[in-house]
Amino acid sequence: MAARAQPVGGTGRAAHRAAAPRPDAPRPVAIWPGTCAALGVALLVLGTLAAVAMRAEGGSGFGPSEASALRFTLIQASLSAVFSVGLAIPVARALARRRFAGRRVLITLLGAPFILPVIVAILGLLAVFGRSGWISGALGAFGLDPLRIYGLHGVVIAHVFFNLPLATRLILQGWQEIPAERFRLAAQLNAGPGAMWHLLEAPMLRRILPGAMAVIFAICLSSFAVALTLGGGPKATTLELAIYQAFHFDFDLGRAAVLSTVQLGLTVVAAVLALRVPVGEGVGAGLDRAVVRWDATGRSATLLDVVWIGFATLFLMLPLLAVLVAGAPGLLSLPAPVWSAAWVSVQVAALSTGLLLLVALPLSASIALGRRQLGEIAGILGLAASPLVIGTGLFVLIYPVASPAHVALPVTALVNMVMALPFALRILVPRMQQVMQQNARLALALNMRGPAFWRRVIWPRCRAQIGFAAGLTAALSLGDLGVVALFADPETATLPLQVYRLMGAYRMEAAQAAALLLFILSMGAFWLLDRGGKFHAEA
Amino acid sequence: MKPLFVAGALLAATVATAETPELVVYTYDSFVSEWGPGPAVKEAFEATCGCELKFVGAGDGAALLARIKLEGARSEADIVLGLDTNLTAAARDTGLFAPVAVEADYALPMAWQDDTFAPYDWGYFAFVHNADADAPANFRALGESDAKIVIQDPRSSTPGLGLLMWVKAAYGDEAPAIWDGLSDNIVTVTKGWSEAYGLFLEGEADMVLSYTTSPAYHLIAEEDDSKAAAVFDEGHYMQVEVAGKLAASDQTELADQFLQFMVSDAFQSIIPTTNWMYPAVMPAGGLPEGFAETLSADKSLLLPEGDAAALRDEALDEWLRALSQ
């Protein structure tokens with residue numbers, strides 16, 4: 001199939017018609033496992049919300065302060081998504097076009113902010129950008145005023161810090177899915193950078209960006225501690241804070257459920273808008289050759305790429321360096337409970353990753369086979385669901401039948417899986433679509449279906465994406481405080497919970513060391529699983 | 001696999017209760033942590049009670065109350081330990097608590113009379129600063145100074161709510177003006193105490209809302225005398241932390257025994273250097289070296305729980321209005 005002549009842009013209607021499966025067309029793998037997975041996730045998210053709503057007694061609705069929280073939430077989440085994705089495009093393009101020593105390590109490390117516990121990331125960011133941070137210190141040396149980080153711009157900077165790496169990885173993957181042959185052909189046709197952009201890169205971005213934006217918008221919708229702290233005060237009240245207030249300050253479960261419904265509604269709207277953008281037809285097939293970019297050899301293109309990679313590296317690495325510097329002194333003298341918590345966290349992460357693969361693989365396959373709406377929306381729900389609502393809902397549901405402490409770890413793993421699912425789908429689905437388009441007809445002609453198709457066609461071609469998704473889930477699960485605080489007893493503390501406990505007991509140095517351990521474990525798990533997917537990020 | 005797991009866990013629990021009685025105490029998370037009073041308290045009580053003491057941690061005081069409300073009369077908790085006087089009115093209204101009779105000679109700045117909740121420790125909210133910097137003497141001076149402070153959000157944090165009550169108790173109807181004065185001093189507002197204290201230690205602010213006993217931690221545990229708590233002349237708002245017994249408890253006698261133990265020397269001597277608060281009953285050895293003197297009764301501010309509950313929403317509105325501009 002790869003040898004078949006295709007238009008350079010891969011946008012021909014013929015290709016589209018050939019790829020889009022008819023509803024009654026035979027399929028190499030069944031759709032129902034994916035449908036079940038989607039329904040299961042939707043049931044968990046909506047069921048917990050319903051459980052909270054049912055426990056409500058009267059309660060107040062949506063007032064002016066909720067309206068202003070909604071307004072602020074929308075503004076900060078939109079700005080955060082636009083800036084994260086906007087900045088990620090040149091960074092990903094530069095990373096896609098350049099090969100240099102340490103590139104793999106850099107790409108892995110760039111993902112780190114995403115998996116840091118919130119409180120640690122805030123302290124790292126402020127060590128660089130804060131009033132007495134490194135930059136303000138340098139400015140002070142020249143007699144200049146310190147940076148003013150607190151405000152809406154601070155919220156956006158923090159959210160870009162968290163999400164730029166994710167956006168970069170998603171977009172970089174898009175670039176890597178353009179086969180080398182396309183670039184070769186375009187170069188033979190004398191396409192300069194501009195033409196290359198119009199023919200190959202812009203269509204790819206049109207396919208990737210809406211989904212990436214929707215995911216980041218949804219993550220930022222449920223921001224709370226970051227938005228409040230960097231926002232500088234109650235002006236930066238988000239919906240999630242209003243939900244927290246409804247639970248903690250007023251014990252108004254009705255209002256918590258209403259607010260959570262609004263949050264879910266916004267996310268579904270974002271997801272639907274992203275899905276309305278025509279996906280195009282993928283980029284067609286190639287022979288997985290190394291990409292050579294004849295268009296990017298000029299001096300100005302090189303300089304531009306160096307500047308962008310340098311910007312991303314400094315912006316993302318300096319706060320991490322601060323985390324490292326703060327944590328290193330205490331790392332060797334960590335108290336024993338931290339190590340046992342680390343072991344608990346590793347188990348939760350392993351369980352979470354296993355669950356994720358069970359759900360995400362069939363789900364992404366059925367999305368690739370045309371069940372796009374259901375799968376994507378079920379997938380993104382996990383992002384918009386307030387952890388507090390999921391946790392409380394599960395608590396209400398589990399409490400009558402079992403002691404919450406006994407199921408603390410499986411429940412935490414389950415919730416972590418649901419939170420990681422949207423990311424996993426963004427990673428898996430584009431590749432899965434490609435694999436289906438290129439191989440489904442041949443496989444059916446050979447009567448290869450079900451397990452054999454999974455083993456011989458999907459697995460070898462999606463290994464890189466599966467490894468990336470599994471690594472991301474393991475790392476996220478390790479770093480997430482999640483719902484464990486609602487369920488845990490003293491013996492089942494996870495590492496992030498232990499970091500908070502150390503801080504709550506004034507032990508800042510030990511807390512920062514434990515955070516560094518968490519960071520090392522997360523990166524280790526990510527590296528291990530991501531690398532398991534071989535040639536990936538090399539293409 | 002899961003039903004089996006749950007069944008196994010239930011079976012294990014049943015076997016345990018058959019052997020020794022178990023007393024379940026719900027408390028906030030930092031109490032049960034390895035660095036809090038929990039482990040030492042468990043050891044000391046189990047040495048005398050012939051029972052098993054089980055702590056269950058649930059976030060902070062407000063989360064603790066939310067959890068009790070969620071569980072209702074079916075709760076397996078016998079004791080709830082860790083509510084403060086901003087929460088006791090709401091806790092009392094649940095009707096889930098039983099009267100208790102605890103005998104103690106309290107070392108609180110005021111007489112304590114409550115037939116439902118018994119105090120186990122207390123402290124004063126205060127702004128902590130670096131000892132080498134000059135501290136303002138009251139809220140007005142703080143508002144006029146250019147000192148930068150970090151505070152906690154009253155909607156998500158106990159100290160944050162304490163600060164609201166402090167300003168309200170000290171200034172009453174003038175509270176909005178005080179908040180106006182403070183608004184340009186506030187660098188930021190955090191979700192909880194840990195974030196705020198971390199920001200202060202990182203140098204993001206000159207002062208942080210914490211307790212008068214915070215410098216004692218640095219002095220005793222870290223031999224660091226660089227932190228001090230600013231003494232305000234309008235007085236300091238108090239946090240009194242209490243415990244109560246649930247009416248639905250199946251271990252009523254053991255629960256009473258625990259509450260009496262709570263005000264004994266064995267429990268109270270653990271509190272200062274694990275919870276970093278003043279003990280509710282002075283232990284025989286007195287306060288550890290490095291603990292600040294307690295204030296006189298007229299400088300110890302505390303709204304009665306009914307007033308605190310009634311003023312809460314109004315005080316929050318004033319705070320939001322002043323800081324949202």
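This is a predicted model: local features need pLDDT of at least 70, side-chain atom pairs count only at pLDDT 80 or more; totals for chains, interfaces and linings use all residues.

Analyst: Where they meet, 47 residues of domain 1 of chain A are in contact with 46 residues of domain 2 of chain A. On the domain 1 side, the elements of chain A that each supply at least two residues are helix H2 (32–55), helix H15 (372–384), helix H16 (387–398), helix H17, helix H18 (450–479), helix H20 (495–504) and helix H21 (508–532). By class, this side of domain 1 of chain A has 31 nonpolar, 10 polar and six charged residues.

The largest nonpolar core has 297 residues, and the members that touch the most others are A:Ile216, A:Ala424, A:Ala514 and B:Val208. Helix H17 of chain A, residues 408–445, gives the largest share of this core, with 22 residues. If we set aside residues up to four places away in sequence, A:Ala424 touches A:Leu356, A:Ala360, A:Ala469, A:Leu472 and A:Thr473. As a general point, nonpolar side chains in soluble globular proteins tend to be buried together.

Another helix of chain A is worth a check on its geometry. Helix H14 of chain A runs over residues 336–368; at 1.5 Å a residue, its 33 residues should span 48 Å, and the end C-alpha atoms are 47 Å apart, so the two values agree. Just after H14 of chain A, A:Gly370 takes a positive phi of about 115°.

Now to the partner chain. The contact between the chains takes 48 residues from chain A and 44 residues from chain B. Among the elements of chain B that each supply at least two residues to its side are helix H1 (2–19), helix H4 (61–71), helix H9 (193–201) and helix H14 (305–323). The side of chain B that touches chain A divides into 20 nonpolar, 13 polar and 11 charged residues.

Chain B itself has 14 helices and 12 strands. Its radius of gyration is 20 Å, which agrees with the value near 20 Å for a compact globule of 325 residues. Buried residues make up 53% of chain B. Among contacts in chain B between residues at least 6 apart in sequence, 78% join residues at least 24 apart.

Chain B is also assigned two domains: domain 1 (2–122 + 239–279) and domain 2 (123–238 + 295–324). Their C-alpha centres lie 28 Å apart, and 18 residues of domain 1 of chain B are in contact with 20 residues of domain 2 of chain B. On the domain 1 side, H4, helix H5 (88–93) and E10 of chain B give two or more residues, with H5 of chain B providing the largest share, three residues.

Strand E10 of chain B, residues 236–246, includes B:Leu246. B:Leu246 counts as buried because 24 other C-beta atoms lie within 10 Å, and the cut-off for buried is 20 or more. Leaving out residues up to four places away in sequence, B:Leu246 touches B:Ser75, B:Ala77, B:Asp78, B:Val80, B:Leu96, B:Phe97 and B:Ala98.

Technical notes:
Residues are numbered from 1 along each chain as its sequence is written. Chains are lettered from A and ligands numbered from 1 in the order in which they are written. A nonpolar core is a set of buried Ala, Val, Leu, Ile, Met, Phe, Trp, Tyr and Cys residues joined through C-beta atoms within 7 Å. A residue is buried if 20 or more other C-beta atoms lie within 10 Å of its own, exposed if 12 or fewer, and partly exposed in between; C-beta atoms are placed from the backbone. Helices (H or I, at least four residues) and strands (E, at least two) are DSSP runs, numbered from the N terminus. Two residues are in contact if their C-beta atoms, placed from the backbone, lie within 7 Å. Ala, Val, Leu, Ile, Met, Phe, Trp, Tyr, Cys and Pro count as nonpolar, Asp, Glu, Lys and Arg as charged, and the others, Gly among them, as polar. The radius of gyration is taken over C-alpha atoms; the globule rule is 2.2 Å times the number of residues to the power 0.38. The expected span of a helix is 1.5 Å times one less than its number of residues. Domain bounds come from an automatic or database domain assignment.
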